[in-house]
Structure formats: structure tokens, C-alpha cells
Amino acid sequence: MALHLSLLLLLLSLISPTIIHSSHVQDPELIVQEVQEKIYNATTRRNLGYLSCGTGNPIDDCWRCDSKWAKNRQRLADCAIGFGKGAIGGKNGKIYVVTNTKDDPVNPKPGSLRYGVIQDEPLWIIFERDMVIKLKEELMLNSFKTIDGRGASVHIAGGPCITIQYVTNIIVHGINVHDCKRGGNANVRDSPSHYGWRTISDGDGISIFGGSHIWVDHCSLSSCTDGLIDAIHGSTAITISNNYMTHHNKVMLLGHSDSETRDKNMQVTIAFNHFGEGLVQRMPRCRHGYFHVVNNDYTHWEMYAIGGSADPTINSQGNRFLAPNDPNNKEVTKREEWPQSAWKKWNWRSQGDLLLNGAFFTTSGAAASSSYARASSLSARPSSYVGSITVNAGTLSCKQGSHC
Ligand SMILES: *[C@@H]1O[C@H](CO)[C@@H](O)[C@H](O)[C@H]1NC(C)=O
């Protein structure tokens, strides 16, 4: 019966690609294979194009060695990998320059960050100089926006932070996001023609709510009230890459409720991040969907690294997991609130992961793993690459006229 159903779905997807497209759901095995191939190409330097200086990081190799990066900023939009690779952000839109740090949640003024992000047209948002922006309320992004911090030291900090709600095609790159607080019980503008009442927010660094085609790259995130990056309510087509996360308890929540079945369509790539000092749990904590966790460096966790409930698929490849010294917290994985009789069927795989200081990964759902074989002609790049691939995780220091 299960076989017949999957055959039917396969046929449906062949004859009617729009069904797949309309809900943003991609064939996870094909996306995983493509990511593996990109990493393989970058780490074996088979792909030294004219922009590539062979960092071995396939996202960075796509743009970082261009000394004219400041003139070619929008090239970044072609560099994502994984489930969020289709996020074009503000590509082909105008450049909008943030010139001041003031914030008016309902009537934002030209030159402010909020004025840029609420516009209806695609915009590529950059910053005139180093700045710390303390928002008064959540920053409600409109679709087709890139927030590009390259060339300046930009901090969104100390107030409510970034909210991506029911919008698509967002790139957030090179921003320091930290000390984010709750906002709400206030009106907030989310487009030139609309503002609305916001209840109290969670206090996330980046909150993705019913959003799709989202890419968060080279950000440094720490010390927020709730999650650093949370994605809930049917969000999908997300890539979280090259970020440096520190000093935080509940790092990433991907799916907020076991009963939220829309999250069965959630597909997230988590690649080349450094999960660093002062982190406790949820890197990430997953529900329902498909999560490809590849070549990340886990140097600190207090409770566990990767967890979940409600039958998520977790495909962990080529990560480096360094367990804490506490003998009770060596396990990478954590299943929440479900009996073993249920979770033993969940498809949690570990391939090529490097497990250090007693770290162990409890796999499950072995019977399903044969379905991966057809896609995986290449195996994951070994975790020995993780150190060099993640060495520049977090915001980069980019000067005009030279490589970032
Ligand atoms: C990997 O490199 C080969 C050879 O240059 C190329 O044909 C292929 O498209 C590359 N794969 C990806 C996913 O970029």
C-alpha cells in the first residue's frame, strides 16, 4: 500500500509539476544530492571559476573572491544552496541605502531600515555606515527584499528584531542580530498601504511565520528572548547557512506544534554554521518536515544538539559534534515526549558525522533509509572539511575593493 502511494505521488509529480511547485515542496533527495555535489565540487576545487578562490565553501566560492563585490552585490542571490536556493530576495530591484537608525513603526521615514523593508517592490537594502539599530517594534518584512550588511558593521539589537510573516523571497546576509526583545501591543506597518495591531511577540532574532524562499547567511546571532531563528506555521524552502550562533538557550525551533500538520511541507537546509559557546539546545528542534543538516560545526551544547518530535526526517551529514564534558549530555539527539515505539520509525540518519568527546547520535527509522540510496551517488563530504568550511561563519569584514 505504501509503495503504491509513493508510486502514485511520483507519477503525479511527473505529470503535474505545478502541484509540487504551488506548495513550494521540492524533491528532498534531489536537493540533498545537489548540495552534496556542490560541496564536493568546492572541496575538490574542480570548479575554480573566475570568482572562486577555493575556500571549499560552495556558497562563499560563488561570490567572496570578487574584489568588486560592492558593485556586484546582487550576484549573491545566485549563490544559495539547498531548500532555500530559490530565494532571490531583492534581485533585479533598486539598491536602497539605510542612512539612519531611527525607527517609527507606523510612519517610517525614508532612509530608515523599516521604510525599505515594507516597500512593495523588490529592494536590495544596504547600509551607509556602521550602525546599531534598536527597533521599537518587530521589523515586518515585505516580499522580495535583501538585507545586505556587507561593507558595514550592522547590528539589529536591543529591541524587537526581524519578522518574516506570510511573505516570500527574503535574503538576510551579514547582519549581527542579538539581544532581541519582545514587542507588541502596538500598531506596526508591513506595507505602504497597511499597518495592523501586533500582539506580544516572542522576542526571536529572526521569526519566520508562514514564510517561504528564505535564506539567512553569514549572520551572527546571540542572546535573544526566545529563539535565534524560528520557523513555524507552514514555513518552507529555507536555507540557514554560514551563521555563527552563541550565548543562547533555545537556538532554532522549526515547527512549533505537533498538531501543526502544515509543517509536513517544511524543508530546511542547515549548512556550514558554527554553533558556538553558551548554546544550550535546539540546533535545531524539528517537527514534521525534512531537515538536511550538513557540514556544521557544533562546538558547544549544554543539553543536546538536534532534537524533535512528530516524525521529522533528519538527514545529518558530515557535521562535527563535540560533546560537553558533562557525562549526562553526550547525546547529540533528543526525541521529545514520544515513546520509543513511535520514534523508532522516525527517519533520523547520521552519515559521515564526526563524534568527539563521547558524543553519540541515536539514529532511527533504518528501514526507510533505502529510499535515500537512489539519490546519493555521492556520499556526504567528510566532517574533516568542517573546520575550514565554517572558519568564517558569522558576519564577514568586507572592504570595498578587496575580497571579503
Ligand atoms: C560540479 O562540477 C561539474 C564539473 O565541473 C559540473 O558539471 C556540475 O554541474 C557541478 N555540480 C553542481 C551541482 O554545481
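Predicted model: local features only at pLDDT ≥ 70, side-chain atom pairs only at ≥ 80, totals over all residues.
Cys-398 and Cys-404 are both buried, and a disulfide joins them, with an S to S distance of 2.2 Å. The torsion about their S-S bond is about 125 degrees, so this disulfide is right-handed.

A search of the whole structure finds 3 disulfides. Let me turn to Cys-62 and Cys-79, whose sulfur atoms lie 2.0 Å apart. What is the handedness of this disulfide? The torsion about the S-S bond is about -70 degrees, so the disulfide of Cys-62 and Cys-79 is left-handed. Cys-62 and Cys-79 both sit in the loop between helix H3 (28-43) and strand S1 (94-98), 17 residues apart. Both Cys-62 and Cys-79 are buried.

Another disulfide is formed by Cys-161 and Cys-180, with 2.1 Å from S to S. Its torsion is about -90 degrees, so this disulfide is left-handed as well. Cys-161 lies in the loop between strand S6 (154-157) and strand S7 (162-165), and Cys-180 in the loop between strand S9 (176-178) and strand S10 (186-191), so the pair ties together parts that are 19 residues apart in sequence. Cys-161 and Cys-180 are likewise buried.

Two further cysteines deserve a mention. Cys-219 has a relative accessible area of 0% and is therefore buried. For Cys-286 the relative accessible area is also 0%, so that residue is buried too.

I now move to Ser-222, which is placed in strand S14 (residues 220-222). Is Ser-222 buried or exposed? Ser-222 is buried, because its relative accessible area is 15%, below the 20% cut-off for that class. Which residues does Ser-222 contact, leaving aside neighbours within four places in sequence? They are Val-177, His-178, Asp-179, Leu-228, Thr-246 and His-247.

His-247 is not a glycine, yet its phi is positive, at about 45 degrees. The residue is found in the loop between strand S17 (244-246) and strand S18 (248-250). With a relative accessible area of 43%, His-247 is partly exposed.

Phe-144 also has a positive phi, of about 60 degrees, although it is not a glycine. Its location is the loop between strand S4 (139-140) and strand S5 (145-148). Phe-144 counts as partly exposed, at 30% relative accessibility.

A further backbone feature is the peptide bond from Met-283 to Pro-284, which is cis, with omega near 5 degrees. Pro-284 lies in the loop between strand S22 (279-281) and strand S23 (285-287).

On the surface, which residues form a nonpolar patch? Leu-322, Leu-354 and Leu-356 do so, and together they have about 190 Å² of accessible area. Of these, Leu-322 belongs to strand S28 (residues 320-322). Leu-322 counts as partly exposed, at 33% relative accessibility.

Finally, a word on confidence. The protein averages a pLDDT of 91, and 89% of the residues score at least 70. Where does pLDDT stay under 50? One such stretch is residues 1-22, for which the model has 4 contacts beyond four places in sequence. Another is residues 370-377, with 13 contacts beyond four places in sequence.

Methods:
Residues numbered from 1 in each chain as written. Heavy atoms only, no water. pLDDT = per-residue confidence, 0-100. Contact = heavy atoms within 4.5 Å. Patch = residues over 30% accessible without salt bridge, like charges linked within 9 Å, V, L, I, M, F, W, Y side chains within 5 Å. Areas by Shrake-Rupley, 256 points an atom, 1.4 Å probe, with all protein chains shown as cover. Salt bridge = Lys/Arg side-chain N within 4 Å of Asp/Glu carboxyl O. Helix = DSSP H or I, 4+ residues; strand = E, 2+ residues; numbered from the N terminus. Buried < 20%, exposed > 50% of the residue type's maximum accessible area, 1.4 Å probe, protein only. Disulfide = S-S within 2.5 Å.
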